Every structure is written in C-alpha cells, then in structure tokens.
Protein chains: 2
Amino acid sequence: MRQRYYIGDIGDYDGQEVTLEGWLAGRRSSGKILFLQVRDGTGFIQCVVGRGDVDDEIFEELSALPMESSLRVTGCVAADSRAPGGFEVSIVGAEVVSAAALEYPITRKEHGVPFLMDHRHLWIRSSRQFAILRIRTTAIRAAKNYFDSRGYVQLDTPILTPTACEGTTTLFETNYFEESAYLSQSGQLYNEATAMAFGKVYCLGPAFRAEKSKTRRHLIEFWQIEPEVAFADLDDIMDIQEELVAEMVATVLSERGPELAILERDIDALERVKAPFPRITYSEAVELLNKAGHSFEWGGDFGAEDETVLSREFDRPAMVTRYPRAVKPFYMENDPDDDRVTLSVDMLAPEGYGEIVGGGQRMMDATELEARMREDGVPIDDYQWYLDTRRYGAVPHGGFGLGIERVVTWICGIPHIRESIPFPRMLNRMRP
Amino acid sequence: MRQRYYIGDIGDYDGQEVTLEGWLAGRRSSGKILFLQVRDGTGFIQCVVGRGDVDDEIFEELSALPMESSLRVTGCVAADSRAPGGFEVSIVGAEVVSAAALEYPITRKEHGVPFLMDHRHLWIRSSRQFAILRIRTTAIRAAKNYFDSRGYVQLDTPILTPTACEGTTTLFETNYFEESAYLSQSGQLYNEATAMAFGKVYCLGPAFRAEKSKTRRHLIEFWQIEPEVAFADLDDIMDIQEELVAEMVATVLSERGPELAILERDIDALERVKAPFPRITYSEAVELLNKAGHSFEWGGDFGAEDETVLSREFDRPAMVTRYPRAVKPFYMENDPDDDRVTLSVDMLAPEGYGEIVGGGQRMMDATELEARMREDGVPIDDYQWYLDTRRYGAVPHGGFGLGIERVVTWICGIPHIRESIPFPRMLNRMRP
C-alpha cells in the first residue's frame, strides 16, 4: 500500500516533508498567515501557511473554507514547543478534497446536550469526544489482553435467547420464526457452560436492558466483558477483578496521556488505582453508610445514591462482598459462614462513580440451585441445559460482569455515561 | 492467587508433581492399571494410576466414576512419546469433586446432529468442538490485533437501530419504548461516520439476519469484523482484506497446530494462503463459470453454488471485483471506467467455501448518493445523519465486513457453519 502519514506519528517525521489527509478543524488568521488546525482521526495538528507559500487561489480557498471540509496538505514537519502537540507543519501545497457545503452545525458556542446528541455523528469529531472514545478502545483492548494473555478463551454467548432469566420486565422481545426471543442481558449462564468445557472463558459483547430509568449511569444498550472461571472461589474472583481493573487503568495511563490531558482528568486519582483494593462486607458497608450520616437498613440493595456515598469513602475502587440473599439472583452461592448472605462481590469505583463490576461465586449444588430457581419463578424446563452444568461434573466456579461504559465514564472522569459509547441508546434516544 | 497447573502448560512441569483440576473425559482399564483421560479446558492428558498407588477406596471410585465427573488428581508429570500429547501423569492422589449423577448423554457411539445440537452445552466439551472453538478465539484475536497494531480505533456500532437500511424482510424487530427498532445487520453506515472522525476504525460484534434459508453457510446470529478507512480506494481495501485474511490464517497455523491436527485439517491448503491473492473482475468470473461448464448470465448475483464453483478455481482466497450495480447496495461507488459496475469486492475462500468477505469503496458524492437511496426506497429522513458524512468533508473511503464464523468454518475445514460458534442460532434453532 502507498505510504501514508498520520498526525499520530508526526514525531517520526520531524524535518521531513509529509502529506496529511484530513479535515479542517479550526482556523485563525494573522494578517498574511493562516493557522489551520487539521485533524485526521489520529490527532490534531497546527498547519501554517503564508500568502505566497502556495498559489493565491488555494490560499484564498483555505481562507474561506468551511469547517470540516476535507483536504490534503503537504509541508515540512518541525518541532515547535509553542504548538499544541509539539509540532507544526509549514504548508507548501494544499488541495481541497471536498468543501463542506453548508455551515458546520457544531461551532465554538455552547450547544445544548439534546442538540449535540442529535448530531452525535458529527460531535464525535470534536477533541473531547475523540479523547473519550480513544480511551474507550484502549480500555477494551486492555481488558481483552488481560484475559487473552492468561489463557482465557473468548466464547461469544448468544444475544437471542428463548427465555428470560431475571424477569421479563426489562427485556426486549422479538419474533424468532413464530416464537418469542429476548435480547440477552448477560452471557453469564452460557459462560458457566463454556467454563465447564474450557476452564477459563470470557465473553465480550452488547447487552440490553429495557429499563425506563433515566440516570447518568444507565444505557439501554451497553457493552460488557464477562469472565467465568472453573475451580475458582470468591477470593479468586476478587483477585481477578482487582488485577483486571488495575491493568485497564494502568494501560490507559500509559497509552492515553494526551487524551486524559484533553479531558483535564485528575491523574493522581487514577494513579492510586493499584492493588490491593479495599475489601469490605455488605454489613460493614451498611455500617459505613450509617456512620456517614446516610441512614440505611440492613437487607436492602444499594441504590445509586448509596453507592455514591460509599464510593467516596475510598481513594480507589472498593469491593463489597456478601450481599443478602434477597437482593442477589438465584445463582449466587451461599456463604457457608452466614446463611443470610451470598458469596457475591460488587466493585464500586471511587469519586462517587459507584458500581462498575458485579459477580461472585456460583451455586454449585444442583438440587439447591433447582430449588432456588423454582422459588424465583425461573422456568425450569427451559434451563435444563443450565442445570446440566451441575449434574455433569459440578465444580466451584465464579465470574463477573464489567460494564465497559461505566468504567470508561469513571476513567475519563466525565459526568454522564452517554459520552462513553459512540452511539448511545437511552430512554427516548435511539438516533442517530 | 494460588498456584494453578494447567494441562495446556504441562510441558513446563516435566518431572514435577502437579495437581490438576478437571473432568474425566475417558477411561480404560488394563487389569490393575487405570488410564484416565482428564481434560481441564486447556487440553487433554492421560493420567495413569495403579492399584496400590492410591487408597483402595479412591481407586474403586475412579474405576466406576461416570464420565464428566469433576476431580482433582495429583501426580508426577513425565514425558512419554507414546502418550497422546507427549506427556502423562502418574497419579499418587486423587479426589472426586463431584460425581456426575447420571449417565453422560454423549457417548462414543454416533449421535445425530439434532441430538448433539440439543446438547450443545455438553457437546462443546468434546475434543473436536474444543479444537474448533479454540481456533475461533485465535482467529478473532488475530483479526483484532491486525487492526489494533495498525492504529485502527475500535468503535462499537449500535445493535438497536430505528431504520432498516437494506429492506425489512430479514430484520428482527422489537419495541423500543413505543417505537419500532431493528437489530443491526451491519455496522457499516455507522462506521462511515466514525471513520470521518477517527480515520481508521472497525467494529466487532454480532449481526442478525432473519433469513429463512437453511444452508450450511448461514447463521441467524453471526459475528462480523468490519473496518472502514477514510482516504482509501478499492485497491487499498483489497490490500487490507488480503493482509488481514493471510494474517488470521498464519496466526492459527502458528498457534493452533494441535487443534488443526485434531480436526485432521489439510495444512498444505492453509499454508498456501499467502499474498498475493488472485484478483479478478466479476466479468472475468462470469467467463470462468461458463468455461467451467457452469452456465451463468452476466448481471445476476452469484449464488452459493456459483461461488463454490468459482472458489474451486483457485488454490487460495480470490477477490472478485466490480459487481454490477443491480446486485450491490446503494452505497457502492461507481466504477469510473464502466458505469454498469461498482467498486465492490468480495473475497471467496477456496476449497468450495465461497464468500467470507464483502465490501468496497463507498459512494462519495452526496447528491448521487441521495438519488440512489431514493431509487432504492431508503427512508431519506432517517438517514440525514448518514448524508452528513458526505456534506461535511466527504472523502474517498471504503471498508468491508468479514464473517467470523465463515472464516472459522473454512480454516477448520468443517462442512457446516453451525459448529463454528458456541451456541448457533439457525432457522428453528434457538436452544440451548
């Protein structure tokens, strides 16, 4: 393939002439000099052109070119400590590929969120969204690498499933050749079956919750990475959660410094995300809440506000274990030391972000599991395959789900989850 | 975390005592010696125990233990050229974790496909399925690495979309808060928008086609990796396809030799998958078909049978370019040299496997694109955001979709796509 030059690698070309292909992201004029900000998807760079450096015709064209027009510019790369990014390009030739026909909708003035969301396909071109979504791709890669480098097998679990494992109220339903199908909310039950075949597995894909809640933490369609490990107990699961999250943060810190700078992220807060993370029980968490003047009764599930209070108690992610049986699904293993609680563990991100991971050790005994399922009204006939995982070589095992967008929102330090995915799906928001 | 020993790493422990945790996959008895085949998800190994090496009680238990019971065995690892895998373990201690309660459904006798598909959650424990799905995970990782190492940004495109881009007959529909939503068949249109923001992008996720066809090449729910590149033409797209597929095959060859051996795959056929791949036009392909005695009229789309014939003409994947306008979607760019055809390219796998990749250069001109969309009955109002990609800085660009399961089916040399995904979704098959 032909040689391409990217702004992201511009430091490699110091002193050389390059041709950049991209879009006009900004312009200011200082008399007879134009300062063009050009972006090509790998970065932003300042290009400088004086009248006389290029044909008059192209100089005039560049002077009036609408924002987000596409262009090719050729020029010499030079380190310049005053330039944002440390380099600039002195243009000796330019070509407009396609002039934007109309005034670009997103300008320097403040736009309301609904307007920006309606123009999400263009909003993602701005430097802040660029930074968030580059961090997202790095965080996903770090998570996948964590598992791949430790011998986990990625086994994609189905999205279309015939049954609703945790109730139908938040499920999307569709017609599958004259039968009802539901969009998966989690790959966990299938993961348990694949873990019995492959030992250490994970799935990474979209999940769907038709929740009518409008919070800054919820997406209707979100991405999850869910590992499941055979011959693992609650302590193993906590170790994996801790290592995984620490590695995701460390990778973003080492590879996405410029993007974190664009977001003005508090780097110190991220640098504290190192093992060991605090580990407290649900009962201790309830005590903490009450001590913090946030009254909470033992037995209930933590809401977003409770998690926010809790997560401010720690300077790094904290793991809360042993939730009451009543607030966790049927598949959670009993705590052998306290029959009121389960071997469950959620991880709360600090700085008020709340739950980013949920999981635990799974119930191993087939008879008790079936009894729990009947109690919870799970349609047993449809889950015979799941019970088979306990009938044929049951083992202690566990896993968890990590919500990609929740982690990205926290790592980026942004106030709302909607910016952490390219095209968010929310209550009353399915476009573009 | 505690030290774990895996069969996959057994060569590292030659001469050492290890404890393996896994399942009983086979057993034969030679008088006073038991040969147990144990699997732990990372591999299979033969464990040998003589009466007297362990307590009589556990020896009897092992002698009668149902298949797929879970167990821990401790013993010394020794290289043994006669053993499958090259090593065996001489057991000095064993513990049954959970005896399988019933006779394991899958035995050495021949089972029909419907029976095996009904027991897919157990079938994946057998060595052949183990091999296929390990190859799948390696192929996916190789594809992702190809793009990650070249600076592509992974940007997940939405599954729930408000509109049907290529007709509604093969779409799954669901209710999205009182509005119709459809499950995505491709991330391409969204990729085009993200490519204008990030230059080189890809998405990797599930896609859905409610097709009532029952062939060995179709899944209702399948996984696709779809790159899209700004400032790229048809030749660039072909180069990327070729490099990507060659790298996927090379990675499987180098990392999954034992699994390919389990499948008795013709390695020579895979080793020939090196660039350059043959590149022929649609018109040349039509000539080839007719010369091969397979009558075909210029202008129609190739069916599965035509692709099979074509793909047997080459010893490696072949790229067919410039399909007629009528058989390709509205977004394909015109061939400037022949207005009957488009700048499209499909890749056909050899050995009769047929199409594994489809893509091309996208139409750049906003006015012509909109006219094509109107012609095809695409609801223009819903696609204003897509047209914005041409209004604001249009650039030559292109991409393609690679069907993960089709590539895996071909690399594995298996006759049907249903074994290339953990839990296949097909016509009349949504369980388990």
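Guide: Let's start with a term: a salt bridge here is a side-chain nitrogen of Lys or Arg within 4 Å of a carboxyl oxygen of Asp or Glu. The idea behind it is that side chains of opposite charge can pair when their charged atoms come close. With that rule, the count over all chains comes to 68 salt bridges. Keep in mind that you're looking at a predicted model.

The side chains of A:Arg128 and A:Glu419 form a salt bridge, with N and O at 3.5 Å. A:Arg128 sits in helix α4 (residues 127–148) of chain A, while A:Glu419 is in the segment after α13 (404–412) of chain A, so this pair ties together parts that are 291 residues apart in sequence.

Now for the two chains.

Next, where the chains touch. On chain B, 105 residues are in contact with 105 residues of chain A. And 100% of the interface residues of chain B are interface residues in chain A too, so the copies meet through the same surface. Together, the chains bury about 8400 Å² between them, and carbon and sulfur atoms give 64% of that area. Three names to click on are B:Phe177, B:Phe231 and B:Tyr392: they supply 10% of the area that chain B buries against chain A, more than any other three residues.

What about charges across that boundary? Between chain B and chain A the count is 6 salt bridges. B:Arg431 makes a salt bridge with A:Asp382, and the closest N and O atoms are 3.9 Å apart. The 4 Å cut-off is what lets a pair at that distance through. There are also 38 residue pairs in polar contact between chain B and chain A, counting pairs with both residues at pLDDT 80 or more. On the side of chain B that touches chain A, helix α4 (residues 127–148) of chain B gives the most, with 10 residues. Sorted by class, that side of chain B has 54 nonpolar, 21 polar and 30 charged residues.

A cis peptide bond joins B:Arg431 to B:Pro432, with omega about -5°, and B:Pro432 is in the segment after α13 (404–412) of chain B. There's another cis bond between B:Ala275 and B:Pro276, where omega is about 0°; B:Pro276 is found in the loop between α8 (267–271) and β12 (279–281) of chain B. These are worth a look because most peptide bonds are trans, and most residues other than glycine have a negative phi. You'll find A:Glu178 in the loop between β8 (173–175) and β9 (180–183) of chain A.

Finally, let's look at contacts within one chain. Chain A is split into domain 1 (7–98) and domain 2 (121–420), and their C-alpha centres lie 45 Å apart. In chain A, 7 residues of domain 1 are in contact with 5 residues of domain 2. The area buried between these two domains is about 450 Å², with carbon and sulfur atoms giving 57%. Across this interface the rule finds 1 salt bridge. A:Glu68 and A:Arg125 form a salt bridge too, their closest N and O atoms being 2.9 Å apart. As for the side of domain 1 that touches domain 2 in chain A, its residues divide into 2 nonpolar, 3 polar and 2 charged.

Notes:
Residues are numbered from 1 along each chain as its sequence is written. Chains are lettered from A and ligands numbered from 1 in the order in which they are written. This is a predicted model: local features need pLDDT of at least 70, side-chain atom pairs count only at pLDDT 80 or more; totals for chains, interfaces and linings use all residues. Side-chain values use heavy atoms; hydrogens and water are left out. Contact means heavy atoms within 4.5 Å. Buried area is the accessible area (1.4 Å probe) that two parts lose on being put together, summed over both. A polar contact is a pair of N or O atoms within 3.5 Å; within protein, one must be able to donate a hydrogen and the other to accept it, and residues adjacent in sequence count only if both atoms are side-chain atoms. Helices (H or I, at least four residues) and strands (E, at least two) are DSSP runs, numbered from the N terminus. Ala, Val, Leu, Ile, Met, Phe, Trp, Tyr, Cys and Pro count as nonpolar, Asp, Glu, Lys and Arg as charged, and the others, Gly among them, as polar. Domain bounds come from an automatic or database domain assignment.
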